[in-house]
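Subject: Structure handover

Hello,

Here is the structure for you to take over. My notes on it come after the files.

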Amino acid sequence: MTSGISRRARVLAAAVGTGVLVPLVAAATPASAATPAVTCTSAKAGLAAKLKKDITAALATRKGTVAVGLYDRSTNTNCTLRASTAYDSASVVKVTVLATLLWDAKKTNRYLTDRETTLAKAMITKSDNAATSTLWKQLGMTKIKGFLTAAGMTQTKPGANGYWGLTQITVTDEQKLLKLITAKNAVLSDNSRAYILKLMGQVVSSQRWGTPYGVPSGVTVAVKNGWLQRATNGWRVHSVGAFKGGGHDYMITVLTHGNSTMNYGIATIQAVAKVIHKDLAAS
């Protein structure tokens, strides 16, 4: 007859074989150890430590899952938090749609049509969804994926079945896109880059929240925000921005979900943006 001890041994052996015991071992680690930390590097003495401290403090009491990217060309400063975590794009993908349109037009050496410029302006400055759907459909998945490949945006997955707002984006790829828009490169022409920045600089006042919050006077602002509520993870609220002036040339991406309301997400983004602008201005 099999004893109780040997039965237990067999159960344990089976559990080990299926890997069931592994999570039990991992569970002994404090939960806080799994929380990702803000990481910063900079060529400017003391700036990385200051940014890390201030961004961490800005997020200390905020609920939800927040991803942050900062890059400043002038001081070779980089900060990241959850840089590869995927988020539903909501309307920030509209910058990618415009970039794809311009990239594709450049390949055939043509200007945008009047219809395309009208749609592009509505899409970026007013976050017009119908205009975006029209351009997304016109471009098609092959061209959109073609641009993502050319841009090195390997972590971005376009939304299926016309659902552009469910495109999966990361801080890493949004920062790559902002870098392409703000410096000479082989993917986007200088005219294309200037056009994107112009439209992002003309976003209607009611949609200029987020990363521009606390920007010093005299610094130019280009911004695109996104917001979307779904049954899981509450509100997605995102902001991408490019800033130039005051001796700095920088871009900020903040992606969030798990927000109780849209305004809660905005407040989280603005808490981060405020300390970034302040620390860079002081450096």
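The notes below go from the overall picture to the helix contacts and then to a few single residues.

Please keep in mind that this is a predicted model. The protein has 283 residues, of which 46% count as buried. Its secondary structure consists of 9 helices and 8 strands. Taking the contacts with a separation of 6 or more, 65% are between residues 24 or more positions apart.

Helix α8

Helix α8 covers residues 190-200, and its buried residues are Ser192, Arg193, Tyr195, Ile196, Leu199 and Met200. These residues lie on the same side of α8, because the arc they cover around the axis is only 160 degrees. What do they pack against? The partners include three helices, namely α4 (93-107), α5 (114-125) and α7 (171-182). The strands β6 (220-229) and β7 (235-245) are also packed against by the buried residues of α8.

Helix α5 and its two contacts

The packing of α5 with α8 has an angle of about 50 degrees, and the axes are 9 Å apart. At that angle α5 counts as oblique to α8. On the α5 side the contact is made by Thr117, Ala120, Lys121, Ile124 and Thr125, and on the α8 side by Tyr195, Leu199 and Met200. Sorted by class, this contact has 5 nonpolar, 2 polar and 1 charged residues. Tyr195, Leu199 and Met200 are also among the buried residues of α8 listed above.

Helix α5 also meets helix α6 (residues 129-151): the two axes come within 8 Å and cross at roughly 130 degrees. This pair is oblique too, as the angle makes α5 oblique to α6. The crossing of α5 and α6 is left-handed. From α5 the contact uses Arg115, Glu116, Leu119, Ala120, Ala122 and Met123, and from α6 it uses Ala131, Thr132, Thr134, Leu135 and Gln138. By class, there are 6 nonpolar, 3 polar and 2 charged residues in the contact of α5 with α6. Ala120 takes part in the contact with α6 and also in the contact with α8.

Helices α3 and α9

Helix α3 (residues 47-59) packs with helix α9 (residues 262-282), their axes being 9 Å apart and the angle about 160 degrees. How do the two helices run relative to each other? They are roughly antiparallel, because an angle of about 160 degrees is over the cut-off of 145 degrees. Their crossing is right-handed. The α3 residues in the contact are Leu47, Lys50, Leu51, Asp54, Ile55, Ala58 and Leu59. Those of α9 are Thr268, Ala271, Val272, Val275, Ile276, Lys278, Asp279 and Leu280. In terms of class, the contact of α3 with α9 has 10 nonpolar, 1 polar and 4 charged residues.

Valine 275 is a residue of helix α9. It counts as buried, because its relative accessibility is 13%, and buried means under 20%. Leaving aside neighbours within four places in sequence, valine 275 is in contact with Asp54, Ile55 and Ala58, and these residues belong to the α3 side of the helix contact. Valine 275 and lysine 53 are 222 residues apart in sequence, with a C-alpha to C-alpha separation of 9.8 Å.

Alanine 267 is another residue found in helix α9. With 34% relative accessibility, alanine 267 counts as partly exposed. Its C-alpha atom is separated by 9.2 Å from that of tryptophan 209, which is 58 residues away along the chain.

Two further residues

Is histidine 257 buried or exposed? Histidine 257 is buried, at a relative accessible area of 12%. It lies in strand β8 (residues 248-259). Not counting residues up to four places away in sequence, histidine 257 touches Gly64, Thr65, Ala86, Tyr87, Asn233, Trp235 and Arg236.

Proline 36 sits in the loop between α2 (21-26) and β1 (39-41). Its relative accessibility is 37%, so proline 36 counts as partly exposed. Beyond residues up to four places away in sequence, proline 36 touches Leu81 and Arg82. Between proline 36 and threonine 80 there are 10.0 Å from C-alpha to C-alpha, and the two are 44 residues apart in sequence.

Regards

Conventions. Residues are numbered from 1 along each chain as its sequence is written. This is a predicted model: local features need pLDDT of at least 70, side-chain atom pairs count only at pLDDT 80 or more; totals for chains, interfaces and linings use all residues. Side-chain values use heavy atoms; hydrogens and water are left out. Buried means under 20% relative accessible area, exposed over 50%, partly exposed in between (1.4 Å probe, protein chains only). Helices (H or I, at least four residues) and strands (E, at least two) are DSSP runs, numbered from the N terminus. The arc is that of the directions from the helix axis to the C-beta atoms. Contact means heavy atoms within 4.5 Å. Axes are lines fitted to C-alpha atoms, for helices over the stretch in contact, and angles run from 0 to 180 degrees between N-to-C directions. Angles under 35 degrees count as roughly parallel, over 145 as roughly antiparallel, 65 to 115 as roughly perpendicular and the rest as oblique. A crossing is left-handed if the near helix is turned anticlockwise from the far one by less than a right angle, and right-handed if clockwise. Ala, Val, Leu, Ile, Met, Phe, Trp, Tyr, Cys and Pro count as nonpolar, Asp, Glu, Lys and Arg as charged, and the others, Gly among them, as polar.
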